[in-house]
Amino acid sequence: MTQIYAYGSNGNGQLGVGHQLDVSTPKNVLIDITDNIQPIAIRAGGNHTLILTSDGQLYSSGDPSKGARGLTPAEGFSHNKFTPVILSAPDELPLQVTLCAATWEASIIVAKDAEGRSTKLYTFGTGEKGELGQGHLIFRSAKAGLIRNFPPAGIEIVGLSACMNHVVVVLDNGEVFGWGNGRKGQLGEPTGIIYEPRKIAHDLIHPSVTCGKDFTLVSVPATGDYKLLGSDRHDIKKALPPPKSSRWNDAQAGWGSVTVLKEDGNLNSAGRNDHGQLAPANLPKILRIAVGSEHTIALSEEADSWEVLAWGWGEHGNCGPFKGNGPNIIASSKNMPDDIKLNVSLIACGCATSFICVQRRS
């Protein structure tokens with residue numbers, strides 16, 4: 001069975017740990033899933049968090065007032081624990097979710113169609129800058145609304161990313177579309193508020209995307225090619241090698257920074273660093289990264305041991321109980337009893353929140 005642990009900002013119960021106090025030491029997330037079900041994605045907005053599980057179910061915790069947690073049931077609802085998100089009417093087949101993302105006050109999901117393909121795109125919550133992608137008139141709804149006539153027939157959605165006020169999706173034909181706040185050029189040209197999915201011009205083959213506050217990074221890690229859209233006032237491009245000069249395993253954006261996980265386990269990062277958001281020197285080899293609004297957590301592993309490290313703005317406890325910028329060790333297999341062997345299956349960050357999923361090793 002997988003256990004999910006949370007740290008950080010919790011004023012609206014978005015950690016799902018049973019109360020609304022910030023925590024700097026690991027607290028067990030409250031969620032009712034069976035032993036054979038695994039969390040596969042954790043995404044966080046300003047005051048709500050989504051957990052997507054391997055059976056296609058979506059759970060949420062935190063503030064329901066903006067509609068980003070979906071429709072509120074008459075019974076069994078809590079601010080302070082993860083409960084199933086109501087995505088369909090009682091007489092409809094339940095949606096099988098494959099991807100999820102969150103803006104500050106909205107949630108975005110991709111679900112399977114009748115043929116089992118990821119072609120259904122839904123949004124719910126509040127989006128006063130076009131975040132719902134459903135036209136000028138729909139800016140608030142707790143009911144999951146289908147974005148109609150998108151994607152084009154026969155095309156599947158394979159990637160999804162969001163930040164404060166904009167959303168970007170990748171289609172299986174390599175096209176990239178986005179909507180929301182595009183005033184800084186993060187959704188291409190012309191700039192402005194984009195109320196429905198609009199194609200983003202690029203010349204990359206089958207890219208991935210990650211969104212910062214005022215920019216979008218479209219990249220192909222396998223070839224090292226990329227395009228940065230929007231504001232680069234924090235010199236984000238310094239985190240990236242010249243296009244096509246090297247490959248990397250992952251690239252993730254914070255509000256004002258980008259961190260690249262290279263093939264050799266080292267990190268490049270650049271951008272805003274007023275709270276130690278960029279990767280510190282002398283890190284061990286890194287296997288995985290998760291970048292939040294202004295902090296990062298990373299998994300390192302050697303032989304039978306592992307550590308989760310954190311650095312950046314940790315004022316709410318999301319980087320552990322330490323006062324410095326890091327790196328801080330917030331979880332380690334070395335602190336486990338000898339008869340308990342755990343693997344880290346997933347790490348995730350949000351807006352001053354951190355999550356670590358561990359499962360018992362057989």
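View 1. Helices (H or I, at least four residues) and strands (E, at least two) are DSSP runs, numbered from the N terminus. This is a predicted model: local features need pLDDT of at least 70, side-chain atom pairs count only at pLDDT 80 or more, and totals for chains, interfaces and linings use all residues. Residue numbers start from 1 along each chain as its sequence is written, and side-chain values use heavy atoms, with hydrogens and water left out. Along the principal axes, the C-alpha atoms fill a box of roughly 55 × 55 × 35 Å.

View 2. Of the 362 residues, 56% count as buried. Buried means under 20% relative accessible area, exposed over 50%, and partly exposed in between (1.4 Å probe, protein chains only). The chain exposes about 15900 Å², and carbon and sulfur atoms supply 48% of that area. Accessible areas come from the Shrake-Rupley method with a 1.4 Å probe; for residues, only the protein chains shown count as cover. Among contacts between residues at least 6 apart in sequence, 47% join residues at least 24 apart. A contact means heavy atoms within 4.5 Å.

**View 3. The largest pocket has a volume of about 1000 Å³.** Its lining holds 47 residues; closest to the centre are Arg43, Leu160, Ser161, Thr210 and Gln252. A pocket is an open set of points on a 1 Å grid over the protein atoms alone, where a 1.4 Å probe fits, with protein on both sides within 12 Å along at least five of seven lines; lining residues have an atom within 4 Å of a point. Points are joined across faces, edges and corners, and a volume is the space filled by probe spheres set on them. Strands that each supply at least two lining residues include E3 (39-44), E11 (157-162), E15 (208-211) and E18 (248-253). By class, the lining divides into 32 nonpolar, 13 polar and 2 charged residues. Ala, Val, Leu, Ile, Met, Phe, Trp, Tyr, Cys and Pro count as nonpolar, Asp, Glu, Lys and Arg as charged, and the others, Gly among them, as polar.

**View 4. The second largest pocket has a volume of about 200 Å³.** It is lined by 15 residues. Trp255, Ser293, His316, Cys351 and Ala352 lie nearest its centre. The lining has 5 nonpolar, 8 polar and 2 charged residues.

**View 5. Two cis peptide bonds in loops.** One joins Phe150 and Pro151, with omega about -5 degrees. Pro151 sits in the loop between strand E10 (140-146) and E11. Another runs from Glu189 to Pro190, with omega near -5 degrees. Pro190 is in the loop between strand E13 (176-182) and strand E14 (192-200).

**View 6. Positive phi at His206 and Asp235.** Phi of His206 is near 50 degrees. His206 lies in the loop between E14 and E15, and is exposed at 51% relative accessible area. Phi of Asp235 is near 60 degrees. Asp235 belongs to the loop between strand E17 (225-230) and E18. Asp235 is partly exposed, at 39% relative accessibility.

**View 7. Ser300 in strand E22 (residues 295-302).** Ser300 is buried, with a relative accessible area of 6%. Leaving out residues up to four places away in sequence, Ser300 touches Pro284, Lys285, Ile286, Ser305, Trp306 and Glu307.
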